[in-house]
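Here's a quick briefing to read with the model open in your viewer.

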Amino acid sequence: MAGNQRIDSHSGSPYANLMDGVTGGHFGGNGGPWSSYPHHGKHFVAWNFNVSGGPSNYNFWPNEPRNGHTFTSPIFAGLQGKAISMSGEEINELPGQAVEPASLFEAQLALRLAETYATWATSNISDPAMANFDQDPDGDGLTNGTEAYFGTNPNNHDNLPQISGTFDNNNLTIAHPINPNLPNDIQATYEWSLDIENWYPSGAGPVGGPTVTFNSTENNNSISVSAASTSSNQKFFFRIRVTQQ
Ligand SMILES: [Ca+2]
Ligand SMILES: [Ca+2]
């Protein structure tokens, strides 16, 4: 906006507007007939707004006289530029400094577009009645959650993840695929066991026994995992445990 420019909110009480990273302008002198006040209904948000011009003092909910900025509980975060005092606001968070994220709109959009297990299941699983995280509609032994992690087809039992491994002295190295658009509420941990009953995370093991430590690196939709045991030539089992947050 230009310096000293009004946002010009009035008449009909607009609702839930976001002014995102605006430089210049102010909240005064919005005009409009008194009969249609307030100038803005609830959820007016000014995010990282850089004020230029306009009043130095705002009462956003006056009794009398009405003014040119009657807003219902406006919300401010990161109000910069001209210093203003105010009353009647819902919140005025961190005036005088920029807040993170720089753009609330972009942050909300990224959140809405993010893949989650639920969005993955909706677009990938044919039978909605078999879409739970722990179900296995194609009967390949991989739960839907695990298929979402690897990026395999939850409706096809022939589409198994390609997992390779090599063993050298006391180091096991495994490579497995990972979904390039991994749902952001899914995570995997590596565990090891001597007997397929008692499982241990990285760096842990049975009392008085060996420990196994995992290190992983991701490259081109594949993860390489090294599992180093403190005991040479010790047979052990390895598993990938996929969970939903
Ligand atoms: Ca399956
Ligand atoms: Ca499958």
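How far apart do the C-alpha centres of domain 1 and domain 3 lie? They are 52 Å apart. Keep in mind that this is a predicted model. The protein comes in three pieces: domain 1 covers 17-110, domain 2 covers 117-150 and domain 3 covers 164-244.

**Overall shape**

- The radius of gyration is 29 Å, whereas a compact globule of 245 residues would come out near 18 Å.
- If you box up the C-alpha atoms along the principal axes, you get roughly 85 × 40 × 30 Å.
- Looking at contacts with a separation of 6 or more, 60% are between residues 24 or more positions apart.
- On the secondary-structure side, there are three helices and 15 strands.

**The parallel sheet**

- Four strands line up as β1-β2-β5-β8 in an open sheet, and the pairing is parallel.
- β1 and β8 sit at the edges with a single partner strand each, so one side of each has no neighbour in the sheet.
- Ignoring direction, neighbouring strands here are turned by 10° against each other on average.
- Zooming in on one pair, β1 and β2 (residues 44-47) run parallel and share four bridges.
- Asp 20 has its bridge partner in β2, namely Trp 47.

**The antiparallel sheet**

- Another open sheet has three strands in the order β12-β11-β15, this time with antiparallel pairing.
- Its edge strands are β12 (199-201) and β15 (237-244), and each of them pairs on one side only.
- From one strand to the next, the twist averages 40°.
- β11 (residues 186-193) and β12 run antiparallel and are joined by three bridges.
- If you want a specific residue pair to click on, Trp 192 has Tyr 200 in β12 as its bridge partner.

- Pro 101 belongs to the loop between β8 (91-93) and α1 (104-113).
- Asp 8 isn't a glycine, yet its phi is positive, near 60°.
- You'll find Asp 8 in the segment before β1 (17-20).
- Ala 16 also has a positive phi without being a glycine, at about 55°, and its place is likewise in the segment before β1.

**Exposure, residue by residue**

- Is Ala 16 buried or exposed? Ala 16 counts as exposed, because it has 10 C-beta neighbours inside 10 Å and the cut-off for exposed is 12 or fewer.
- Asp 8 has 13 other C-beta atoms within 10 Å, so it is partly exposed.
- Ala 118, which is in helix α2 (residues 117-124), is partly exposed too, with 13 other C-beta atoms within 10 Å.

**A distance worth checking**

- How far apart in space are Ala 118 and Ile 7? From C-alpha to C-alpha they are 39 Å apart, and in sequence the separation is 111 residues.

Methods. Residues are numbered from 1 along each chain as its sequence is written. Chains are lettered from A and ligands numbered from 1 in the order in which they are written. This is a predicted model: local features need pLDDT of at least 70, side-chain atom pairs count only at pLDDT 80 or more; totals for chains, interfaces and linings use all residues. Domain bounds come from an automatic or database domain assignment. Helices (H or I, at least four residues) and strands (E, at least two) are DSSP runs, numbered from the N terminus. A residue is buried if 20 or more other C-beta atoms lie within 10 Å of its own, exposed if 12 or fewer, and partly exposed in between; C-beta atoms are placed from the backbone. Two strands pair if DSSP finds at least two bridges between them. Axes are lines fitted to C-alpha atoms, for helices over the stretch in contact, and angles run from 0 to 180 degrees between N-to-C directions. The radius of gyration is taken over C-alpha atoms; the globule rule is 2.2 Å times the number of residues to the power 0.38. Two residues are in contact if their C-beta atoms, placed from the backbone, lie within 7 Å.
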